[in-house]
Amino acid sequence: MTKQGITGVVLASVLASTAAHAELGYTYAEGGLAILDTDTDDTLFGVDGRGSYQINRNIFAYGGLRFLSDDLDYTNWYLGGAYRHAVDARTDVWGGANLEYQEVEADNCRGFSGCSKDDVAPAIRGGIRHQLDDRIEVGASARYVSGDLDYFGLTGQGRYKIQRNLSATAELDIQDGELGLFGGVTLFF
């Protein structure tokens with residue numbers, strides 16, 4: 001292989017990995033409305049906000065906060081860090097760990113000591129993101145939260161680019177068998 005051919009392969013590799021970085025941004029703020037149908041005949045409704053900040057090419061910090069309410073109130077926040085790996089120019093896999101806070105407060109004490117229970121525990125998260133075309137991104141993730149309020153969750157997400165840095169976001173979430181939905185916007189920086 002000639003020197004120009006080797007240079008071309010190296011340049012193409014760098015451009016492909018740069019394209020993966022540019023297509024799938026990890027510095028963003030996301031917010032919207034969420035609903036969670038629980039097995040206690042409550043349908044919790046409220047706000048959900050989250051974000052991510054890309055520290056370097058492969059490392060990012062992430063966090064989120066949500067308040068859902070009906071006959072019981074559910075508060076959840078988390079903060080952690082993750083590693084991303086570009087599979088190809090349009091697909092990333094990622095995994096991370098975080099600290100998770102959960103609080104459940106009930107109007108009537110359905111099994112909760114003092115009508116309230118909270119917990120801070122470690123959690124792990126991971127997933128895959130794929131850019132289908134210039135406007136549509138899809139992804140899936142899983143999380144396991146340990147502790148007294150432990151649960152396993154699976155999420156499927158889609159983003160539709162409205163403008164260069166603004167996307168409409170929709171999400172289907174299953175948290176220990178309970179169905180949840182999220183709709184909102186993502187602002188990339």
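Analyst: A residue is called buried under 20% relative accessible area, exposed over 50% and partly exposed in between, with a 1.4 Å probe and protein chains only. Glutamine 175 has 6% relative accessibility, so this residue counts as buried. The model is predicted, so local features need pLDDT of at least 70 and side-chain atom pairs count only at pLDDT 80 or more, while totals for chains, interfaces and linings use all residues. Residues are numbered from 1 along each chain as its sequence is written, and side-chain values use heavy atoms, with hydrogens and water left out.

Glutamine 175 belongs to strand S9, residues 166–175. Strands here are DSSP runs of E with at least two residues, and helices are runs of H or I with at least four, numbered from the N terminus. The glutamine 175 side chain has a polar contact of 2.6 Å with the side chain of arginine 66. A polar contact is a pair of N or O atoms within 3.5 Å; within protein, one must be able to donate a hydrogen and the other to accept it, and residues adjacent in sequence count only if both atoms are side-chain atoms. Leaving aside residues up to four places away in sequence, glutamine 175 touches Leu36, Arg66, Tyr74, Arg143, Tyr151, Phe152 and Gly153. Contact here means heavy atoms within 4.5 Å.

Leu36 leads on to the strand pairing, where two strands pair if DSSP finds at least two bridges between them. Leucine 36 has leucine 44 in S2 as its bridge partner. Strands S1 (residues 28–37) and S2 (residues 43–54) run antiparallel and are joined by ten bridges. They form a hairpin with five residues between them, and aspartate 41 in the turn has a positive phi of about 65 degrees. S1 is also joined by nine bridges to S10 (residues 178–188), again antiparallel.

The rings come next. Rings of Phe, Tyr and Trp (its six-membered ring) pair if their centres lie within 6.5 Å; planes under 30 degrees apart are stacked, over 60 edge-to-face and the rest tilted. There are seven aromatic pairs in the structure. One of them, tryptophan 77 with tyrosine 101, is stacked, at 5.8 Å centre to centre and 20 degrees between the planes. Tryptophan 77 is in S4 (residues 72–88) and tyrosine 101 in S5 (residues 91–106), so the pair ties together parts 24 residues apart in sequence. Tryptophan 77 is partly exposed at 31% relative accessibility, whereas tyrosine 101 is buried at 15%.
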